[in-house]
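These are my notebook entries on one protein model. I set out to look up its charged pairs, its strands and its nonpolar cores.

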Amino acid sequence: MKDSSIFSNDELKFLKEIVGAQYKVEKRINVLDYALMNEDGHTYFLQSILQHERDNKQVFIKSFLSRILEEELLDENERYEILSQVPIEIGEEKEKRRLDLLIKSDSKYIIIENKVKLATDGDRQMEQYWQYAVVNFGDKARLVYLTLAGGSPAKWSCKPDILEKLSNTGRYCEKNYRTHIVEWLKEDVLPNCLVSESYLSQSIRLYIDAISRLSGMYDKSDLAERIYKILKCYNVSSFDQVQKQLQDLNEKLGKLETGKYIELTDKDIEKIFE
């Protein structure tokens, strides 16, 4: 391949600035990274948004349930009670459990098990939650397994055959923060925040950023393709070696631990032109 002498000094400087901008990943300080250290913190944050009201009307709960349950909510005026850390007793032995989040109304009884920080499932936990919900609330019962980036309960929490039967009822679902919660916040919550609710909207933006980094949404990118297009604008005749260097750099990014950030140096960028 041709070396960097095919570029003038000004061109090379300009190109490095463009490449550098493409590679730079902002190093953020987000207080929520430290405030939301466990499932409880995420549960309380979600609960506070769902409880938000204006003129005695619940603002965000219905859009949340429509997305999570994928069901049509027939009564627009129905009110929901949103509770966290709800103690329950299960079975004749009255085994004690605690529901992360409970949303209930006249027509729905929704248990949300929050696993955003990958806490270990308890023994028969999801089976017992479903048993409790059905025994006490019948067809009103819904069960949501909410994780950071997707996944199912552990086998000891719910046996595969039971989980399959549960899924077939249409009253159990698996959702995640990276896709479902972030999309709900971006598309349904933020656009409906009033100007006077600046603290709410800023908190949500910080939370979206925290979840995005926690779930690795910023780690991987199409850097190689973007820089390849930049180089192509300069009519470089051979791209084989360029592609190899870009692949190496992209792999370097891909191996980052979830939520970590780096900023590539000039030496990293110069590898493109070796």
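**Entry 1: a charged pair, Glu-89 and Lys-96**

I began with Glu-89, which counts as partly exposed because its relative accessibility is 38%. I noted at the outset that the model is predicted. I then looked up the partner of Glu-89 and found a salt bridge with Lys-96, in which the closest N and O atoms are 3.0 Å apart. Lys-96 itself is exposed, with a relative accessible area of 63%.

**Entry 2: other salt bridges**

How many salt bridges does the structure hold? I counted 13.

One of them links the side chains of Glu-53 and Arg-79, at 2.4 Å from N to O. Glu-53 belongs to strand β1 (residues 53–54), whereas Arg-79 sits in the loop between α4 (61–69) and β3 (81–90), so this pair ties together parts that are 26 residues apart in sequence. Glu-53 is partly exposed at 31% relative accessibility, and Arg-79 is partly exposed with a relative accessible area of 40%.

I next examined Lys-175 and Glu-70, whose side chains meet in a salt bridge of 2.5 Å, N to O. Lys-175 lies in strand β7 and Glu-70 in the loop between α4 and β3, so the pair ties together parts that are 105 residues apart in sequence. Is Lys-175 buried or exposed? I found Lys-175 buried, with a relative accessible area of 7%. Glu-70, in turn, is exposed, at a relative accessible area of 60%.

I turned to strand β6, residues 141–147, and checked how covered it is. Seven of its seven residues are buried. Ala-141, Leu-143, Tyr-145 and Thr-147 point one way from β6, while Arg-142, Val-144 and Leu-146 point the other way.

Which strands pair with β6? Strand β5 (residues 109–115) runs parallel to β6 and is joined to it by seven bridges. In this pairing Ile-112 stands opposite Val-144. Strand β7 (residues 172–176) also pairs with β6 in the parallel sense, over five bridges. Here I located Thr-147 opposite Asn-176.

I then followed the chain from β6 through helix α6 (residues 160–168) to β7 and noted that the three make a right-handed β-α-β unit.

**Entry 3: the nonpolar cores**

I recorded as general background that nonpolar side chains tend to be buried together in soluble globular proteins.

Which residues of the largest nonpolar core touch the most other members? Among its 37 residues, they are Phe-64, Ile-103 and Trp-184. At least two residues of this core come from each of α3 (39–50), α4, β4 (95–104), β5, β6, α7 (177–189) and α8 (198–214).

I looked up Ile-103 separately, leaving aside residues up to four places away in sequence. The residues that Ile-103 touches include Leu-50, Ile-61, Phe-64, Leu-65, Tyr-80 and Ile-82. Ile-110 and Ile-112 are also among them.

Finally, I found a second, separate core of 19 residues, and its members include Tyr-109, Met-126, Tyr-129 and Ala-141.

Key. Residues numbered from 1 in each chain as written. Predicted model: local features only at pLDDT ≥ 70, side-chain atom pairs only at ≥ 80, totals over all residues. Heavy atoms only, no water. Buried < 20%, exposed > 50% of the residue type's maximum accessible area, 1.4 Å probe, protein only. Helix = DSSP H or I, 4+ residues; strand = E, 2+ residues; numbered from the N terminus. Pairing = 2+ DSSP bridges. Right-handed = clockwise from strand over helix to strand, strands pointing away. Salt bridge = Lys/Arg side-chain N within 4 Å of Asp/Glu carboxyl O. Core = buried A, V, L, I, M, F, W, Y, C linked by side-chain atoms within 4.5 Å. Contact = heavy atoms within 4.5 Å.
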